Amino acid sequence: MSQYRYLPVTDEDRREMLDVIGVQSDEELFSDVPEKIRFKGELNLEPQLSEPELIRFLSRLAKKNVSTSDYPSFLGAGIYDHYIPSVVDSVISRGEFYTAYTPYQAEVSQGELQAIFEFQSLICELTGMEAANSSMYDGSTSLAEAALLSSGVTRNKKIVVSETVHPEYRQVLATYAHGRRLDVVTIPSKDGETDVQALQAAINDETACVIVQYPNFFGHVEPLKDIEEMTHNAKRAQLIVASNPLALGILTPPGDFNADIVVGDCQPLGISESFGGPHCGYFAVSKKLIRKVPGRLVGETVDDKGQRGYVLTLQAREQHIRREKATSNICSNQALNALASSVAMNAFGKKGIRELAEQNIQKAHYAAKKLSEEGVTVCDNHTFFNEFVVDCKRPVSEVNRALLDQGMIGGYDLAKSFSHCENKMLVAVTEMRSKAEIDQFAEALGGIIRG
Amino acid sequence: MDNQNQPLIFERSKKGRTAYSLPALDIPELPINEMVGDDYLRKEEPNWPEVSELELVRHYMALSKRNFGVDNGFYPLGSCTMKYNPKVNEVVARLSGLAHIHPYQDEQTVQGALELLYRLQENLQEITGMDAVTLQPAAGAHGEWTGLMIIRAFHEANGDVKRTKVIVPDTAHGTNPASAAVAGFEAVTVKSDENGLVDLEDLKRVADETTAALMLTNPNTLGLFETHIQEIAEIVHAAGGKVYYDGANMNAIMGVTRPGDMGYDVVHLNLHKTFTGPHGGGGPGSGPVGVKAELEPFLPKPLIVKKEDGSYGFDEDRPQSIGRVKAFYGNFGINVRAYAYIRTMGGKGLFQVSKDAVLNANYLLKRLTDHFDTPFKQLCKHEFVLSGSRQKKLGVRTLDMAKRLLDFGYYPPTIYFPLLVDEALMIEPTETESKETLDEFADHLIAITKEAEEHPETVQEAPHKTVIGRLDETQAARHPVLRYLKQ
């Protein structure tokens with residue numbers, strides 16, 4: 001009897017199969033592994049658990065965590081607590097989707113292919129771009145790949161990035177840039193926005209791209225119009241914009257400002273926080289860059305009877321065809337999360353995305369006002385979306401501990417990433433926060449700061 | 001099956017329908033133009049569909065019926081390890097305390113998550129024989145690139161800056177040379193010998209003072225064990241390079257041998273292959289990287305550590321680290337599933353997994369061996385490669401046989417890979433398939449070879465029973481239509 005529910009081979013099967021193969025034992029199947037490197041004994045792993053034991057054990061570990069479903073959260077900084085329609089999980093739990101491989105055999109993968117084609121279309125509509133790929137690992141690697149693409153196309157090595165881009169995205173960019181031997185120039189911020197004078201001074205004919213975030217890490221809406229002009233005044237430089245896709249429900253899409261590449265992470269649209277992943281990077285480009293895009297693309301075509309269908313296309317860009325000359329090394333992507341996000345986007349529809357974005361901006365502004373009334377210094381007099389900065393007058397980590405005692409998850413400690421942001425907290429307010437929660441938060445934070 | 005065109009979700013849209021619900025705004029509203037300047041206020045809505053919830057559900061239900069996963073049937077896709085994806089993994093990954101936690105929460109509020117990741121790291125170290133593991137890379141190729149960046153940082157730290165080349169076998173997966181390029185290396189090829197193994201003489205020729213690393217999976221891409229792995233490692237080490245283990249084929253060797261004991265310095269694993277993370281239609285994966293102690297300082301940061309007081313935390317203070325390779329800490333949800341699997345199987349169980357995977361592959365190979373050209377005669381490990389060259393002479397290509405398998409309810413093997421084998425069919429049954437399934441599959445594939453002899457047009461014109469026929473890929477590439485546009 002097998003004690004492993006995932007292993008169907010019985011002792012009887014084993015004997016028959018070994019007979020057919022013509023060996024005495026399964027040990028003999030490994031006779032090509034030299035004795036010297038054979039592992040002796042049993043792997044010293046944690047003990048095996050039955051299904052009920054496993055669920056009990058992992059539930060216990062899960063309960064050690066403070067969950068944003070139990071505590072109202074004002075924490076964002078790239079990942080947010082948003083409404084996820086129930087239909088999302090119902091769809092992505094279908095075995096036909098989640099246990100399938102990359103849709104290489106198109107005839108039995110039309111479902112996945114069409115879903116990706118729809119994802120690409122939804123992203124194009126949202127960003128105002130002409131093409132989008134089937135997903136990247138996350139927003140950070142999507143941004144890094146965008147920089148590599150720009151450098152490849154322009155044959156320039158200078159990457160200009162604003163300090164107001166997510167600090168971890170910039171760290172990932174630095175790692176990729178080191179790999180490809182590119183130079184990254186970081187433009188300082190001024191009052192929470194890109195210092196446009198410094199940016200202007202940094203852009204020249206050697207610039208491959210200018211990277212900004214819109215809305216930026218501090219929640220502000222960067223002056224894309226001016227930045228675009230500066231960028232495209234240079235000989236070859238391209239404009240790369242990283243955007244929270246939800247914000248584009250209310251903000252002018254980067255495509256309307258002639259962005260060359262728009263990237264970001266779909267987490268706010270239908271994907272749970274999940275401690276930082278798996279989420280879903282998106283990657284959208286203008287028409288002229290379609291054949292340079294990293295990763296998989298799905299295209300529409302017809303079959304031998306003229307029926308409409310979908311296939312993976314322009315594969316000559318990819319590693320399995322072009323090997324070292326491929327546009328990227330990406331193979332696995334985040335397809336299931338792209339599906340989740342598609343379902344959410346379709347559930348919201350054109351009205352829903354607007355309402356969702358409006359609720360975010362309204363609630364964030366209400367929270368800022370409420371905090372001011374409680375005597376908390378709100379550092380922003382700029383246009384912001386669903387995040388803004390407050391001055392806690394004392395270390396944010398301390399403040400957050402006090403908030404936790406009152407049953408709330410506070411904002412992001414900006415001092416962790418910016419030396420000029422001591423005691424500054426980035427507060428995120430999404431549609432999930434009720435008036436009562438916001439009021440309570442404002443009151444609590446005001447109280448803590450006053451001491 | 002129905003042959004109707006499946007409407008796009010956009011084509012199901014009707015103004016006024018919706019599939020979401022939000023509470024009404026419960027706060028005093030500000031005029032939008034007081035919050036967003038006119039230039040930055042979106043004028044036109046994205047053309048997203050308007051559908052009711054039921055229509056949305058039916059749309060995706062219809063799409064799911066036009067898709068094929070491991071839950072539907074046998075999926076012997078070589079090099080992809082399409083094993084069963086346990087249901088309990090999906091349950092635990094959705095626990096509120098694991099799915100709804102934010103990576104920037106105070107360490108003290110995510111101790112359960114950190115403990116889980118730490119335990120996973122420890123288990124993976126034991127399985128691979130490595131000294132330290134990072135869980136940050138999001139997929140196999142991402143792990144490859146991370147590993148190569150670590151090796152590059154190691155050489156740079158030694159002032160050894162002339163090491164610009166990475167050796168890959170001629171059978172290697174495309175990601176190997178592509179990852180080398182993204183890490184700033186030049187990829188050079190080492191040939192395989194007549195037994196499908198690394199040609200040691202050729203390796204001696206290419207390994208020199210410019211060698212940064214050799215990337216090699218073992219068993220290799222042909223499903224064959226590199227018996228001379230220790231000599232291979234010695235040759236590369238003697239030249240001053242590092243040896244990189246591509247974990248794509250780890251499913252063959254758990255508890256049998258470990259990369260760390262074979263002489264490898266760096267390993268990546270595909271948790272979405274060997275450790276049952278579902279493939280999700282292309283992702284997400286998870287590609288942890290393990291290293292030997294001397295490379296540990298270069299791992300991406302932060303690392304998850306256990307502190308003296310027994311609590312868990314992040315170690316950001318790693319001056320020699322290559323930096324961050326992904327925002328936050330990796331594909332956590334996939335790591336949870338892999339951990340659940342490892343605990344379900346235990347050490348003995350994982351050994352049994354590899355034994356059964358190899359047994360199934362050898363059995364299926366034996367059943368098929370008289371009906372195809374087999375380029376290599378030795379035992380295989382977890383997968384094997386057949387050649388369709390015999391059928392090609394009858395005018396039936398491997399692609400045709402693959403398409404014909406669709407008619408019998410199978411996902412076909414990997415085809416035309418590795419490039420080395422003419423008309424290759426690469427078959428990986430995995431350990432979660434029963435002898436009955438293997439027998440039925442073998443019977444069908446043998447029947448197809450008979451068809452190729454007797455009435456080849458049945459195979460050449462396949463598939464016959466799918467919702468759609470062979471698609472015009474040339475048109476798709478020549479006139480790319482990559483999105484829906486309103487007519």
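Colleague: H7(A) and H6(B) are roughly perpendicular to each other. At what angle do H7 of chain A and H6 of chain B pack?

Modeller: About 65°, and the axes are 11 Å apart. In this scheme 65 to 115 degrees counts as roughly perpendicular, so H7(A) and H6(B) get that label. Keep in mind that this is a predicted model.

Colleague: Which hand is the crossing of H7(A) and H6(B), left or right?

Modeller: The crossing of H7(A) and H6(B) is left-handed.

Colleague: And which residues in H7(A) and H6(B) meet?

Modeller: From H7(A), A:Thr175, A:Tyr176, A:His178 and A:Gly179. They meet B:His142, B:Trp145, B:Met149, B:Arg152 and B:Glu156 in H6(B). By class, the contact of H7(A) with H6(B) has four polar, three nonpolar and two charged residues.

Colleague: What about H2 of chain A and H11 of chain B, at what angle do they pack?

Modeller: H2(A), residues 51-63, and H11(B), residues 332-368, pack at about 140° with their axes 10 Å apart.

Colleague: Why are H2(A) and H11(B) called oblique?

Modeller: Roughly antiparallel needs an angle over 145 degrees. The angle here is about 140°, and H2(A) and H11(B) are therefore oblique to each other. The crossing of H2(A) and H11(B) is right-handed.

Colleague: Which residues make that contact?

Modeller: H2(A) contributes A:Leu54, A:Phe57 and A:Leu58. H11(B) contributes B:Tyr339, B:Ala340, B:Arg343 and B:Thr344. Sorted by class, the contact of H2(A) with H11(B) has five nonpolar residues, one polar and one charged.

Colleague: Now the whole interface. How many residues of chain B are in contact with chain A?

Modeller: 200 residues of chain B, against 191 residues of chain A.

Colleague: What area is buried between chain B and chain A?

Modeller: About 18,000 Å², with carbon and sulfur atoms giving 60% of that area.

Colleague: How many salt bridges does the rule find across the interface?

Modeller: The rule finds 16 between chain B and chain A.

Colleague: With which residue does A:Arg14 form a salt bridge?

Modeller: With B:Asp356. The closest N and O atoms of A:Arg14 and B:Asp356 are 2.7 Å apart.

Colleague: Which residues meet between H5(A) and H11(A)?

Modeller: In H5(A), A:Glu112, A:Ala115, A:Glu118, A:Phe119, A:Leu122, A:Ile123 and A:Leu126. Among the residues they meet in H11(A) are A:Ala338, A:Leu339, A:Met345 and A:Ile353. The residues of the contact of H5(A) with H11(A) are ten nonpolar, three polar and two charged.

Colleague: Switching to backbone. What is omega from A:Tyr214 to A:Pro215?

Modeller: Omega is near -10°, and that peptide bond is cis. A:Pro215 is in the loop between strand E6 (207-213) and helix H9 (224-233) of chain A.

Colleague: And which kind of peptide bond joins A:Gly277 and A:Pro278, cis or trans?

Modeller: Cis, with omega about 5°. A:Pro278 lies in the loop between strands E8 (261-265) and E9 (281-285) of chain A.

Colleague: What is phi of A:Leu314?

Modeller: About 50°, a positive phi although A:Leu314 is not a glycine. A:Leu314 is in the loop between strand E11 (308-313) and helix H10 (319-322) of chain A.

Methods. Residues numbered from 1 in each chain as written. Chains lettered and ligands numbered in written order. Predicted model: local features only at pLDDT ≥ 70, side-chain atom pairs only at ≥ 80, totals over all residues. Heavy atoms only, no water. Axes fitted to C-alpha atoms, helices over the stretch in contact; angles between N-to-C directions. Helix = DSSP H or I, 4+ residues; strand = E, 2+ residues; numbered from the N terminus. Parallel < 35°, antiparallel > 145°, perpendicular 65-115°, else oblique. Left-handed = near helix turned anticlockwise from the far one by under 90°. Contact = heavy atoms within 4.5 Å. Nonpolar A, V, L, I, M, F, W, Y, C, P; charged D, E, K, R; others polar. Buried area = accessible area lost by both parts, 1.4 Å probe. Salt bridge = Lys/Arg side-chain N within 4 Å of Asp/Glu carboxyl O.
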